[in-house]
Structures are given as C-alpha cells and as structure tokens.
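Colleague: I have a model open and a few questions about its packing. Can you take me through it?

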Amino acid sequence: MPVDYHAMLHPELIFLDLTAESETQLFEQVGKRLQKLGYVKASYAGALEKREQEFPTGLVTKYLPVALPHTDPEHVNQAFICMVKNEKLLDVLQMGLNEPMQAQYFFFLGITDSKNQVILLQKFMKLLQDQEFVAGLTNISAENEMFEFLQREFDK
C-alpha cells in the first residue's frame with residue numbers, strides 16, 4: 001500500500017519560527033508542540049534524542065543540508081510529516097557517517113508503520129535532489145504557503 005502523504009501533511013505541522021540553540025532544544029520545542037497537538041506521546045522528544053545519538057539523520061544533499069529526525073512508532077499517536085525551519089543553523093550528525101554537519105531545515109517524520117520509513121526517506125532524497133524543490137522550500141516564509149507547496153510537491 002503506498003504512503004498517503006496528504007494524510008501526513010497538516011497545516012499546523014509547519015513551524016518556520018523556531019529559535020532553538022541546539023538540536024536537543026529543537027527536539028524539546030517540536031516535541032512539546034506535537035504533543036500539545038496530539039500527534040506524539042510525552043516520551044517522543046527523549047526518544048528522538050536517544051535515536052539521533054545512535055542513528056543520526058542529517059543529510060548533506062547537493063542543494064541543502066537537512067535532517068529527518070524520527071523515532072520508533074510507539075512514541076507516535078498519528079502519522080505525520082512536520083516541517084521545521086530554525087532561525088539559525090544547528091549542529092547535527094550525518095546519517096551513516098556520524099560526521100558533524102549543520103542544518104537549518106528539519107522534517108520530523110512521525111512513523112506509525114515501520115515499513116513506511118524507507119519509502120518516506122526515499123521520497124525525501126528524491127525531493128532534496130530537485131533544485132526547484134529546494135529553491136521553493138528555502139524561499140517560502142509563510143506557513144500556509146509552505147503547506148500548499150509541500151502538498152503539491154508530494155503529489156509529484
């Protein structure tokens with residue numbers, strides 16, 4: 001069964017105004033917002049932190065460094081994609097290499113079915129290698145516009 005991206009994308013999950021000073025702080029801020037909205041359990045932020053230390057999710061792509069933080073399904077109430085732009089670059093570790101890198105854009109993936117994890121990661125890899133997608137992503141500053149943009153792009 002294909003992943004239903006529209007069911008995972010919601011306008012209230014676009015955060016373009018975060019001002020975290022560290023990855024840990026970012027996880028706490030996003031975790032609190034997601035928990036308040038009912039998407040995750042109280043254990044989510046701590047589980048993200050732990051998983052990120054073991055399996056970093058930073059990606060250096062041709063056009064934009066990003067991170068795709070996610071955790072095990074038991075910390076997630078409802079599948080989601082949460083798009084975050086932090087005010088400044090944060091130190092994160094690269095996926096697979098554990099090398100330091102910096103990212104300002106984050107896609108938090110709320111995965112309820114672990115079979116969908118690889119499909120989602122592949123979709124992001126494809127999008128992030130598209131110069132037009134990255135240009136759109138980095139030029140939009142209104143959350144409602146970002147939501148509409150992501151809906152269009154995930155349909156492709």
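Modeller: Start with a term: contact means heavy atoms within 4.5 Å. The model is predicted. With that cut-off in hand, helix 6 lies across strand 1, strand 4 and strand 5.

Colleague: At what angle does helix 6 run to strand 1?

Modeller: Strand 1 is one of the strands that helix 6 lies across. The angle of helix 6 to strand 1 is about 130 degrees.

Colleague: In what order do the strands of the open sheet lie?

Modeller: The sheet has 5 strands, and the pairing is mixed. Its edges are strand 1 and strand 2 (58-60), each pairing on one side only. Neighbours are turned by 25 degrees against each other on average, direction ignored. The order is 1-4-5-3-2.

Colleague: Which residue in strand 3 stands opposite Leu59?

Modeller: Strand 2 and strand 3 (residues 65-67) run antiparallel, joined by 3 bridges. Opposite Leu59 stands Val66.

Colleague: How far apart are the axes of helix 2 and helix 3?

Modeller: Helix 2 (residues 23-36) and helix 3 (residues 44-54) pack at about 145 degrees. The crossing is right-handed. The contact residues divide into 5 nonpolar, 2 polar and 4 charged. The axes are 8 Å apart.

Colleague: Which residues touch the most other members of the largest nonpolar core?

Modeller: That core has 30 residues. Elements giving two or more include strand 4 (80-93), helix 5 (131-139) and helix 6 (143-155). The residues you want are Ile81, Leu137 and Leu150.

Definitions and conventions. Residues are numbered from 1 along each chain as its sequence is written. This is a predicted model: local features need pLDDT of at least 70, side-chain atom pairs count only at pLDDT 80 or more; totals for chains, interfaces and linings use all residues. Side-chain values use heavy atoms; hydrogens and water are left out. Axes are lines fitted to C-alpha atoms, for helices over the stretch in contact, and angles run from 0 to 180 degrees between N-to-C directions. Helices (H or I, at least four residues) and strands (E, at least two) are DSSP runs, numbered from the N terminus. A crossing is left-handed if the near helix is turned anticlockwise from the far one by less than a right angle, and right-handed if clockwise. Ala, Val, Leu, Ile, Met, Phe, Trp, Tyr, Cys and Pro count as nonpolar, Asp, Glu, Lys and Arg as charged, and the others, Gly among them, as polar. A nonpolar core is a set of buried Ala, Val, Leu, Ile, Met, Phe, Trp, Tyr and Cys residues joined through side-chain atoms within 4.5 Å. Buried means under 20% relative accessible area, exposed over 50%, partly exposed in between (1.4 Å probe, protein chains only). Two strands pair if DSSP finds at least two bridges between them.
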